[in-house]
Amino acid sequence: MPKSTSTVLIVGSGPTGLTLAIDLARRDIGIRIIDKSPQFPRSSRAKGPNPRSLEVLEDLGVIDQVLAAGSAPLPMRKYRAGEVIADTDPYAAARPTPDAPFERPWLIAQWRLEEILRARLAECGVRVELDAELTGLTQDDDTVTASLTGGREIAARYVVGCDGGHSAVRKLLGVPFEGSTDEEQTMVCGDVEVTGPDRGMWHQWFDEDGGVMLCPIPGTRSGWWFQASPETDAAGRPLPPSPAGFQRLFAKHARLPGELLTRATLLSSYRFNERLADRYRVGRVFLAGDAAHVHSIAGGLGMNTGIQDAYNLGWKLARTATGQAPPELLDTYEEERLPIAARTLDITAERLRATLEAIKEPGGGLDSAITPQTYGLGDGYHWSSLAHGGSTARLRAGDRAPDAPCTDAATGAPRRLFEAFAGPHFTLLGFGPGTAQALRAAASAHDGELRAYAVTGANGVVNGVVAEANGAAAGGASHGALADDAGRARSAYGIGPDEDVLVLIRPDNHVGLIAPDGDHRAVAAYLRGGALERA
């Protein structure tokens with residue numbers, strides 16, 4: 001059969017693969033995305049994006065659809081011996097802040113999130129190719145050839161395996177997947193229909209010999225996520241999940257008639273795995289999401305870590321593929337994301353331990369798995385070769401770039417920093433009039449890949465900063481000025497009222513460079529080196 005070609009081939013169409021596909025497609029990178037499944041799954045599985053992933057989804061242009069299709073996390077109702085012990089809302093005190101607009105995760109069935117992402121990808125002119133199972137990979141200095149069932153072949157400059165914990169890509173590469181599987185810690189899971197329990201609660205029935213958890217699936221009339229400790233045989237071995245078994249478990253722990261559970265589909269067993277690939281790149285092939293790391297479900301970080309892998313890798317693949325950056329930029333994907341996965345393994349293991357201890361006592365529940373560490377907002381890359389320059393009172397290079405409410409200095413319209421960052425470009429913020437020259441030079445030299453903004457003081461004008469920024473318009477360069485009337489941007493970035501500081505934001509909304517005194521040469525060196533050369 002003839003060999004078809006693309007710039008990037010993505011294997012796997014879950015949230016990780018779809019995030020990467022959208023990020024590349026909106027940059028006009030030629031991609032194909034394949035999946036071995038003959039049809040799109042309807043499993044609810046992961047319960048939704050955390051605050052950092054919601055920021056990613058906003059940048060990808062799907063946040064309104066995600067929020068509309070899901071719901072805020074529900075209060076948790078905890079039982080013992082069928083009796084209500086406590087109602088707990090772990091997010092009751094959470095409020096959005098100027099620098100972090102999403103203060104809690106969002107409940108949405110995974111199949112619904114994938115539908116939204118596929119629709120966004122289709123807007124970019126790309127559709128997932130189903131029934132395309134990977135069977136082989138070969139690569140040379142310029143190309144990777146993927147062999148599929150049926151004799152088909154796809155040639156690409158790069159391949160990314162987003163194909164889950166049993167990744168064919170990882171196995172074909174021979175990458176070790178070190179870690180452990182706890183055969184004694186097992187759960188049975190599925191999507192069920194139940195009548196009776198209050199759909200405004202996440203119900204958690206825990207007894208000394210097991211438990212059942214039911215969380216309503218947003219957008220359904222009677223659909224629930226079902227998770228339980230499994231039934232066991234006479235030898236104590238876990239039994240496979242079944243609709244009848246789910247009814248028995250429900251009756252045993254909820255002390256409600258098993259017949260209230262009328263339908264059980266997409267049944268699966270879950271063993272607690274903690275594994276990490278020892279490398280994320282082999283030549284022109286990369287691993288992302290569960291193909292690179294699997295975690296305990298405590299804290300809900302599996303899908304979220306994959307989404308954020310893709311967000312880190314997308315802009316680097318695009319800049320390398322288009323010749324804007326040297327191939328070495330791709331090495332920073334593993335440099336940055338592998339330590340995050342290792343840290344996530346530690347967090348989820350600790351949250352699992354805390355949860356298993358908590359549920360031994362009446363009133364304990366899954367709220368024990370939730371800490372600010374599971375929000376994803378504190379993840380940064382301070383160790384990275386892409387983290388240049390100094391620091392401010394609140395930020396270091398490599399940190400997540402905060403949001404802040406501003407106004408457009410020209411029109412007076414409200415404008416958040418995240419709105420300025422949105423899209424596949426670098427963003428240069430200039431705080432103080434001493435940064436005007438650097439803004440003008442950077443915007444002119446890097447038209448199309450960078451947007452430069454003067455962040456002005458009260459009333460939107462500081463001694464011609466707006467005029468200087470607008471002067472960057474020569475040649476059509478992106479430019480502008482944002483009025484920080486309330487000082488929220490300076491506060492979020494830790495910059496004093498009389499300081500002149502340049503902050504360069506990477507396309508994945510992390511701080512790449514902090515340059516005091518308006519040092520435009522540092523910005524030029526960073527970008528000239530394809531985001532690699534140290535100033």
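Student: Which residue forms a salt bridge with arginine 353?

Tutor: Let's begin with the general idea: side chains of opposite charge can pair when their charged atoms come close. In this predicted model, arginine 353 pairs with glutamate 350, and their closest N and O atoms are 2.7 Å apart.

Student: Where do arginine 353 and glutamate 350 sit relative to one another?

Tutor: Both belong to helix α8, and because they are three residues apart, about one helical turn separates them. Arginine 353 is partly exposed, at 45% relative accessibility, and glutamate 350 is partly exposed too, at 34%.

Student: How many salt bridges does the structure hold?

Tutor: There are 31. One of them joins the side chains of aspartate 59 and arginine 26, at 3.0 Å from N to O. Aspartate 59 is in helix α2 (residues 51-59), while arginine 26 is in the loop between α1 (15-25) and β2 (31-34), so this pair ties together parts that lie 33 residues apart in sequence.

Student: Are aspartate 59 and arginine 26 buried or exposed?

Tutor: To read this, compare the relative accessible area with the cut-off: buried means under 20%. Aspartate 59 has 8%, so it counts as buried. Arginine 26 has 16%, so it counts as buried as well.

Student: Which parts of the chain does the pair of lysine 78 and aspartate 367 tie together?

Tutor: These two form a salt bridge whose closest N and O atoms are 3.2 Å apart. Lysine 78 is in strand β3 (residues 76-80) and aspartate 367 is in the loop between α8 and β16 (388-389), so the parts they tie together are 289 residues apart in sequence. Lysine 78 is buried, with a relative accessible area of 2%.

Student: What does the side chain of arginine 337 make a polar contact with?

Tutor: Its partner is the side chain of aspartate 309, at 2.7 Å. Arginine 337 is part of helix α8 (residues 331-358) and is buried, with a relative accessible area of 2%. Setting aside residues up to four places away in sequence, arginine 337 touches several residues, among them Tyr280, Gln308 and Tyr381.

Student: And how far apart in space are arginine 416 and cysteine 406?

Tutor: Check the sequence separation as well as the distance. They are 10 residues apart in sequence and 5.5 Å apart in space, C-alpha to C-alpha. Arginine 416 belongs to strand β18 (residues 414-416) and is partly exposed, at 24% relative accessible area. Beyond its neighbours within four places in sequence, the contacts of arginine 416 include Glu58, Pro101 and Asp403.

Terms used:
Residues numbered from 1 in each chain as written. Predicted model: local features only at pLDDT ≥ 70, side-chain atom pairs only at ≥ 80, totals over all residues. Heavy atoms only, no water. Helix = DSSP H or I, 4+ residues; strand = E, 2+ residues; numbered from the N terminus. Buried < 20%, exposed > 50% of the residue type's maximum accessible area, 1.4 Å probe, protein only. Polar contact = N/O pair within 3.5 Å; in protein donor to acceptor, adjacent residues only side chain to side chain. Contact = heavy atoms within 4.5 Å. Salt bridge = Lys/Arg side-chain N within 4 Å of Asp/Glu carboxyl O.
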